[in-house]
Amino acid sequence: MQLIFEALAKVFPVIGYVMALCMFTTTLFAVLGLHFFHGLLYRCNKESAIGKSDCVGHGNTGLGFPAPLLWQNPGYSFDTIWDSSQVTFESLISGGWQDVMYSTMDITGKDKQPRQDASPYYVLYFLMSIFVSAMFVLKVVVGAIVEKLNQMTGRGIMNEEQRMHKELL
């Protein structure tokens, strides 16, 4: 157990490099998200609206009484680099990425009301970001820890004949 903690202490500089790689990939996907989805997630709170021009004044929003019609983002957006970075980072570390993905798949165009599954190809953005950032970076961290542990026990620098001899002892 002590050997594992020593390996973790000695691998911190490597983990720092991996975290820098993680921040780079997060920033990369945030910039891509800004490019793909800037200003496209807006929607009207009136389901029958076709676009932004139909979302003016007051109307029946399904609440049973007239309410102000609002053209707004669903609580997240890719409209600024900060918002894009925040959504990308939250998508990678938590389970809320599905809502964002489904919203992007509903995009019909700028200033148009979303329609379910109108842009299904946007799912590729999320699959790539999760695969590259979560899966790849996690494997690099685990690999760095295992490699440092092997170096500390001597197994990382032994050839096959030396390993067999050590196992016999």
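Student: How many disulfides does the structure hold?
Tutor: The structure holds one disulfide, meaning a pair of cysteine sulfur atoms within 2.5 Å. This is a predicted model: local features need pLDDT of at least 70, side-chain atom pairs count only at pLDDT 80 or more, and totals for chains, interfaces and linings use all residues. Residues are numbered from 1 along each chain as its sequence is written, and side-chain values use heavy atoms, with hydrogens and water left out.

Student: Which residues does the disulfide join?
Tutor: Cys44 and Cys55, with 2.2 Å from S to S.

Student: Where do Cys44 and Cys55 lie?
Tutor: Cys44 is in strand 1 (residues 43-44), and Cys55 is in the loop between strand 1 and strand 2 (58-60), so the pair ties together parts 11 residues apart in sequence. Strands (E, at least two residues) and helices (H or I, at least four) are DSSP runs, numbered from the N terminus.

Student: Is the disulfide right-handed or left-handed?
Tutor: Right-handed, because the torsion about the S-S bond is about 85 degrees.

Student: Is Cys44 buried or exposed?
Tutor: Buried, at 5% relative accessible area. Buried means under 20%, exposed over 50%, partly exposed in between (1.4 Å probe, protein chains only). Cys55 is buried too, at 7%.
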